[in-house]
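Let's take a friendly walk through this structure together. Have the sequence and the 3D view at hand as you read.

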Amino acid sequence: MLINYKNVNISHYDDEMVLRGVDFKVNAGEFIYIIGKVGSGKSSLLRTIYGELDIDSAYTANVLGRDMTNIKRSEIQGLRRELGIVFQDFKLLGDRNVRRNLEFVLKATGWKDSFDIDKRITEVMKAVGMTGYEERMPHELSGGEQQRIAIARALLNSPKLILADEPTGNLDPETAESIVGLFRDIAATGTAVVVTTHNMLLLERFPGIVYHCEEGKLNLEK
């Protein structure tokens, strides 16, 4: 089990309780949606998983073998190296091309050999259907293309788990479908994918396990 949350309580930074009694689990290769209105706690839940937001209390809060109730700040970087994180606004570095964006992440996570770096960049670019775009600057790419590069970046260190926070929020419907289809393909390879969204049409087109954030609770949809 990659994530095992039992009776987890989560508050915003201002101590306002946002989710109470959360039970949430993720296994390898699962494709999971977290749905709910804006402000319902979807992003806060994800932030606890990658260590940006502390958990108030829990019976169990385990992420990739780490106890998130007492994880040390010095351990969070190691956790994030085993995760891939994709955001709504892409977060690409605008002052460098696609290759340099990906190279930056690899070097920051300990890769040193130039041959290995180039090989891995080639692999992830192929995986997201963006071969040939390595020398493009972010501003030269469409929103969907930028999000594919962001997904390539998330795949660099072969994560066991990808967290995608409203990854289609800035995209047109057709492009959104292509991005979620890509996530489904990634899950089929054994990497678990957790996607937050309020786009119900995507759930119909690409079924998965669905959790619903509503009125301070996280419920598994049957």
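Start in helix α3, where Arg 100 and Glu 103 both lie, 3 residues apart, about one turn of the helix. Helices here are DSSP runs of H or I with at least four residues, strands are runs of E with at least two, and both are numbered from the N terminus. Arg 100 forms a salt bridge with Glu 103, with the closest N and O atoms 3.0 Å apart; the term stands for a side-chain nitrogen of Lys or Arg within 4 Å of a carboxyl oxygen of Asp or Glu. At 15% relative accessibility Glu 103 counts as buried, while Arg 100, at 40%, counts as partly exposed. Buried means under 20% relative accessible area, exposed over 50%, and partly exposed in between, using a 1.4 Å probe and protein chains only.

A word on the model: it is predicted, so local features need pLDDT of at least 70 and side-chain atom pairs count only at pLDDT 80 or more, whereas totals for chains, interfaces and linings use all residues. Residues are numbered from 1 along each chain as its sequence is written, and side-chain values use heavy atoms, leaving out hydrogens and water.

How many salt bridges are there by this rule? The count comes to 13. One of them joins the side chains of Glu 177 and Arg 205 (3.4 Å, N to O). Glu 177 lies in helix α6 and Arg 205 in helix α7, so this pair ties together parts that are 28 residues apart in sequence. Asp 54 and Arg 73 also meet in a salt bridge, at 2.7 Å from N to O. Here Asp 54 sits in the loop between α1 and β4, and Arg 73 in helix α2.

Now turn to the sheet. Its 4 strands form an open sheet in the order β2-β1-β4-β5, with antiparallel pairing; two strands pair if DSSP finds at least two bridges between them. β2 and β5 stand at the edges with a single partner strand each, so one side of each is left without a neighbour in the sheet. Val 63 has Arg 66 in β5 as its bridge partner.

Finally, look inside. The largest nonpolar core has 40 residues, and Phe 31, Tyr 33 and Ile 186 are among those that touch the most other members. Such a core is a set of buried Ala, Val, Leu, Ile, Met, Phe, Trp, Tyr and Cys residues joined through side-chain atoms within 4.5 Å. Its largest share, 7 residues, comes from α6.
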